[in-house]
Amino acid sequence: MSGSGPAARLQRLFEGHRLTPTQRRIAHSMVRRAGDVPFLSSVELAELAGVSQPSVTRFAVALGFDGYPALRKHLRELAPAGAGPGEGDDAPNEYQQAVLGEMENLRHLAELLADPGPIEHAGRLLAASRPLPVLGLRAASSQARGFGYFAAKVHPDVRVLDEGGSMLQDRIDAARRAGATALICFALPRHPKEVVDALAYAREQGLTVVSVADSAFAPVAGHSDLLIPAAVGTGLAFDTACAPMLLGRVLLEAMCDALPGAQARLEEFDARAAARGLFVE
């Protein structure tokens, strides 16, 4: 992220680190008081963030420092000469920074899509699978449901797998017996072990796995035949997934391109929806 103010410097320090929700709370508190943070004790920072003092210490270690004193020393070295508590900061606030971070994620996705080959290949795999299982658990369940909702308008048999448990492998088995040849998985942090196990099982049953994940090095990578990365935003207490959602829509477009009669099905749905008065214009 561009910018040279205290908040921007802190944001760059946090980038690339997978922080727990408690640690993110500390990070957000630091961003809000960016000008004061280099001069706060660990106890003061803990009170500011509403966490325990040991949590502040663990946070500093998670960033790669020996402890909070080393982190504070680093922040003081970065601060401009003469800076002190209460220094003004015209950098974007934490909410703006979250939006700007997502814009950067979308820019990286646009660069990735300059080569449409992997997307077009994935679209053909998904279009050819009858039925088409769509897997996404926990944080990724909304991505799976959203993809499945739209896919069902053009694909004849879409099966959303958004609940874990002992039935998950049974549902993969049922899809495979019904003729499925591919499975699409949405995998977002924190990555449930159950998803990794389900993908390993799906491949054992002969399914080709297409994954949308937050990184090419995500835990599902070793169990995916084709993985297309789309970064999540980490600037707020909970991850934001604008890029994975958009990538899902891009894959839907590629699948439609590979499905004979997809446009006719969409027009048929629109006609039925109009006749039933489903939507208000």
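A salt bridge is a side-chain nitrogen of Lys or Arg within 4 Å of a carboxyl oxygen of Asp or Glu. By that rule, the structure on your screen holds 11 salt bridges. Keep in mind that this is a predicted model, where local features need pLDDT of at least 70, side-chain atom pairs count only at pLDDT 80 or more, and totals for chains, interfaces and linings use all residues. Residues are numbered from 1 along each chain as its sequence is written, and side-chain values use heavy atoms, with hydrogens and water left out.

**First stop: helix H10**

Select residues 193–204, which form helix H10; helices here are DSSP runs of H or I with at least four residues, strands are runs of E with at least two, and both are numbered from the N terminus. Lys-193 and Asp-197 both lie in this helix, 4 residues apart, about one turn. Their salt bridge has its closest N and O atoms 2.7 Å apart. Lys-193 is exposed, at 59% relative accessible area, while Asp-197 is partly exposed at 34% (buried means under 20%, exposed over 50%, partly exposed in between, with a 1.4 Å probe and protein chains only).

**Second stop: the largest pocket**

Select Gln-11, Glu-15, Val-232, Thr-234 and Gly-235, the closest to the centre of the largest pocket among its 30 lining residues. On a 1 Å grid over the protein atoms alone, a pocket is an open set of points with protein on both sides within 12 Å along at least five of seven lines, and lining residues have an atom within 4 Å of a point. Its volume, the space filled by probe spheres set on points joined across faces, edges and corners, is about 720 Å³. Which helix gives the most to the lining? Colour H6 to see it: this helix supplies 9 residues.

Glu-102 is buried yet has no salt bridge, with Arg-24, the nearest side chain of opposite charge, 10 Å away.

**Last stop: the second largest pocket**

Go to Arg-24 next, which is linked with Arg-18 and Asp-239 in a network of salt bridges. These three are among the residues lining the second largest pocket, which holds about 230 Å³ of space.

Terms used
On a 1 Å grid over the protein atoms alone, a cavity is a set of points where a 1.4 Å probe fits but cannot get out, and a pocket is an open set with protein on both sides within 12 Å along at least five of seven lines; lining residues have an atom within 4 Å of a point. Lys and Arg count as positive and Asp and Glu as negative; His and the chain ends are not counted.
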